[in-house]
Amino acid sequence: MKDVVFLNEHLFIGNLGHISIVIAFITAILASVSFFYSNAQPLESSWIKIAKSALHLHSIAVISIIASLFTIIYNHYFEYHYAWQHSSRDLPVHFMISCFWEGQEGSFLLWIFWQMVLAQFINYLNDSYSKPVLGIVMLSQVALTSMLLGVKIASYKLGSSPFELLRNVMQNAPIFKQADYLSKVKDGNGLNPLLQNYWMVIHPPTLFLGFASTIVPFAYVISALINKSYHNWIQPGLKWSLFSAMILGTGIIMGGFWAYESLSFGGYWAWDPVENASLVPWLILIAGVHVLMVYKATGNSFIPAIVLIISTFLLVLYATFLTRSGILGNSSVHSFTDLGMSGQLLVYLMLFIFIAIVLLVMRWKGLPRSEKDEQIYTREFWMFIGSMILVISSFQIILTTSIPVFNKLFSLKLAPPADVIEHYNKWQMPLAILIAIFTAIAQLLKYKVNQKTPLLKLILVQILVSITITIVLFFYFELKALSHGVLLFAGMFSIIVNGKLIFPYLIGKFKLAGAGIAHIGFGILLIGVLVSSAKKQVISINQTGQALNPDFNEKENTENIYLERNKPGKMGDYIITYKKDSQNWVNTYYQVNYQKLKTDGTTDYTFDLYPNGQINPKFGLVANPDTKHYLSHDVFTYVSSVPSQKSAATFVNAKMHEIKSGDTIYLNQARVVLVGINSNTDAKDLDEKNLKVLLGAELKVIGLEKTYDAMPMYGVQENKAQSIDAMVDEVKLRFSFKGVNPQKGTILLETAEKDDSGDFIIMKAIVFPWINLVWAGTIIMIIGFIVSIVNRLNKQR
C-alpha cells in the first residue's frame, strides 16, 4: 500500500488544516505563558506584546482550521474520514453546516472558535484583570486544541484530527489497494437523521458559546485569587456571569425546542443524561450569580460565591467528559462515541480542578469573610437559601446522571431509574416550589435591614392574592393532585410578587426591572411545565384491541392508531384521514387531515398536519413530528410505523373512452372534461428530435371539493406510439392518452383508479395544553437576563 500513488486526492487543504492545528496549539501555549508572565509587568512590557501577537496568530490559525474543514465538507472530499463519516452529496448547505459539528472534532473546534472570540473581546476591553484572565482562557485553548492534534507520542495518540485521510483510518480495507479508490467512494455516510433539523444549525453554536463563556467568570475568580484582589473583579465578573447564564440558558431552551419539534418521545425535556449534564452547570451558575449579588451588596458570602463560579466551569468540563468519553454508552441519544480521548478529557478536568484547589488553599486565610450571619428578615438571607436549594437540585441531578461513572470507577452494578421522568420529577418538584417561593420572598425584602411588622403584612397580602388566583386556575386547568396545587401557587406567587415590584420600573426605569422580569418568566415557566405535563392527553387510543405492530410494547400498542389512506377514523374529538404522502429530499411527508367535531357531531374546523419520516438503513424509521399550534394547546402528531417498502402503485377499473373536445366523462371520484387538444407541449421524457407527433389532452378534473388540471400526452417516436400518463392524486385517477381518430375528431383516453389498499400509517397524537406558557416563560427569562446585563454595563460605564 505504501507503493501505491493515490489519484485525485485533495491533499493541500488537509495539510493546511493540519498545520493550522499545530500553529493554534503552539500559539495557545505561548499566549498563555506570556499573559501570565506579563501579569506583574508594566502594561507595554515585551511579554504582553508577545502574548497579544500570539493571540492574534492563534485566531488566524483557528479560522484557517474552520475554513479548511468546511471546504472539505462542502466540496465532498470523501478522501477525508470526517467528511465521509458525517456528510453526503445530497445534503443542503444548511445541513452541511450541521455536519461540521456533528462529530467530536467539529464540536471541539466550535468550542475553540468561541473561546478565541471571547479572548479577543477581553483583549479589546483591556481591563485591569485582562492579562491573568487571558492567561486562563488561553490555557483552556491549549487543552482544547490538543484534542485536535491527532499525533502519536509513543503508543498514545494525542487527540483526533478532523483531517485524517479515510485510507489511513480504514487502511486494511481492500479498496485502498487501488490507486483510484476515490472513484469507488461514491458518497458519504450522511448526517444523522435526528440532526436534520434547522434547530441543529443554531442550537449547537449557541450551546457551545454558553459552555465557552463559563471560562470567563472562572478566569476572573482565579485572577482575583492570583492577585489577592477580592473586590474589583466583582463588577466585570458579575457581568460575564449574567452573559454566560443567558447564553447557556438560551442554548438549553433551544435544545428543548429541537426535541419537541424533531424527536418523537412527546415532549421537550426527557431528563436525558446529556441534557442533565448541560442543565447542572447552568443551575450552579444561577446560584453563583445570586450569591455574587449578595456579596456585592452586603460583603457577605464571598467564599460560597467564588466556589459556585469555579464549580460552574468545572461542571462544564465534567459534562464534556460524560458526553465524549463513551461512559454513558447507549443511555443518551446525544452522547458521542469514544475516540480514545477519555484520558485526555480527564487530564483537562483535573488540571483546572488542581489550579482552583491549590489557589483556594493558598489564599484561604486571606479570603473575605462575613462579620455576622445574615438576618432572617433580609433579602440576602433568602437569596442565599434559594441558591443553596439550587445547589441541592443540581446535586440530585448530577448524582443520578453519574451512575455510569460510579459503576465504572468502583465496579458497581447500580441501575439507573426505571422511569427517569418520574424519578427526577419526584425530587425536583418540591425543590422548584421552594425556589419559586424563596426568590419571591427575597424580592419583597431589602438588603441588610427590614421592619418586621409591615413586611409580614405585605407578604400576607401577596399570599392571599396568590392563593385566590391559584384556586381559580386550579379548577380552570382541571388539576387534581394537591402537589400540583402547591406548585401552581408557587409559580403564581412568584409572578404576583415580581409583577407588583417591577410595575413602577416599567414606566420610567425599565433597565432596573431585569431581575423581576426573569423571575416572572420563571413563574410562568413553572406553570407551563406543570399544566402541559400533568394534563397532556394521548388522543390516539387504539380501540380495536388488535396488535398494530409486533415491535410495539403494550403501552405503544394502546397509544397508536392504524390509518389506511383515505379511510376516515374517529380519534377523540376529531375525525382524521390519512390523505396522501409526498417526497421531499429523503423525507416522506404524510398528510393527515383533522376535522374537529362539535358536541352535535358537526365539523367545527379542519386542519392538516404533515408528520414526516425516513427509513434509514442504520436507524430504521426516523420520525419527525408535526404540530398544530393554538394559544391554549398544541396538537402533536408523529408516525410510529409505515410500510417498510413502498410497493408499486396498482390501478383498477381501467376504462377506455372515445371523446372529443367539450365531452364529459363521469367517474366515481370526479367529472372529467376534455377542454381541447394541445400541440404546444413539452415532453421531457421523450426524444423530441425524433418525434413526428406530440399532442396533449387538456383535461379539467372536477372533484367534490376542487378542480384540477391534467394533461396526458401522446406522441409517435421511431414509428412507435409513446404516451406519458397524468396522475391526479387528490382524486386517485390516472389518465392515459392512447390514440387519435382524425376522421371522427376524437381521442382515446383511458382512465384508471389508484388502489390504496395496503397503504397505511400508524400514528400517535398528543394534546399539550398551555404549552405556550413554557415557551413564553423561557423567553421572558432571557429578556430579564438581557435587561440585567444592559443595566450592569451602564453601571460599569
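How many bridges pair strand 21 with strand 22 (residues 746-755), and in which sense? The two strands pair in the antiparallel sense over 8 bridges, where pairing calls for at least two bridges found by DSSP. Strands here are DSSP runs of E with at least two residues, helices are runs of H or I with at least four residues, and both are numbered from the N terminus.

A word on the model itself. It is predicted, so local features need pLDDT of at least 70 and side-chain atom pairs count only at pLDDT 80 or more, while totals for chains, interfaces and linings use all residues. Residues are numbered from 1 along each chain as its sequence is written, and side-chain values use heavy atoms, with hydrogens and water left out.

Overall, the chain holds 21 helices and 23 strands, and its C-alpha atoms fill a box of roughly 110 × 80 × 55 Å along the principal axes. Of its 797 residues, 54% are buried; buried means under 20% relative accessible area, exposed over 50%, and partly exposed in between, with a 1.4 Å probe and protein chains only. Among contacts (heavy atoms within 4.5 Å) with a separation of 6 or more, 69% come from residues 24 or more positions apart.

Nonpolar side chains tend to be buried together in soluble globular proteins. A nonpolar core is taken as a set of buried Ala, Val, Leu, Ile, Met, Phe, Trp, Tyr and Cys residues joined through side-chain atoms within 4.5 Å. The largest one has 202 residues, and the members touching the most others are Trp111, Phe218, Leu225, Trp233, Trp282, Tyr348 and Phe352. Apart from that core lies another, of 21 residues, including Ile665, Val701, Ala710 and Phe735.

Glutamate 164 sits in the loop between strand 2 (156-158) and helix 7 (166-169). With a relative accessible area of 17%, Glu164 counts as buried. Its contacts, beyond neighbours within four places in sequence, are His18, Glu79, Tyr80, His81, Gly150, Lys157 and Val169. Histidine 94, in helix 4 (residues 93-100), is partly exposed, at 37% relative accessible area. Between the C-alpha atoms of His94 and Tyr198 there are 7.7 Å, although the two residues are 104 residues apart along the chain.

Helix 15 (residues 403-410) has Ile403, Val405 and Asn407 buried. The cover over its buried residues includes helix 12 (302-324) and helix 14 (379-401). Just after helix 15 comes Ser411, with a positive phi of about 55 degrees.

Now for the hairpins. Strand 7 (residues 587-597) and strand 8 (residues 603-609) run antiparallel, joined by 6 bridges, and Leu597 has Thr603 as its bridge partner. This hairpin has 5 residues between the strands, and Gly601 takes a positive phi near 90 degrees.

Strand 20 (residues 726-728) is joined to strand 21 (residues 733-741) by 3 bridges, again antiparallel, with Val728 opposite Leu733. Their hairpin leaves 4 residues between the strands, and Lys732 in the turn has a positive phi of about 55 degrees. Strand 21 then forms a hairpin with strand 22, with 4 residues between the strands and a positive phi near 70 degrees at Gly745. Across this pair, Gly739 stands opposite Leu748.
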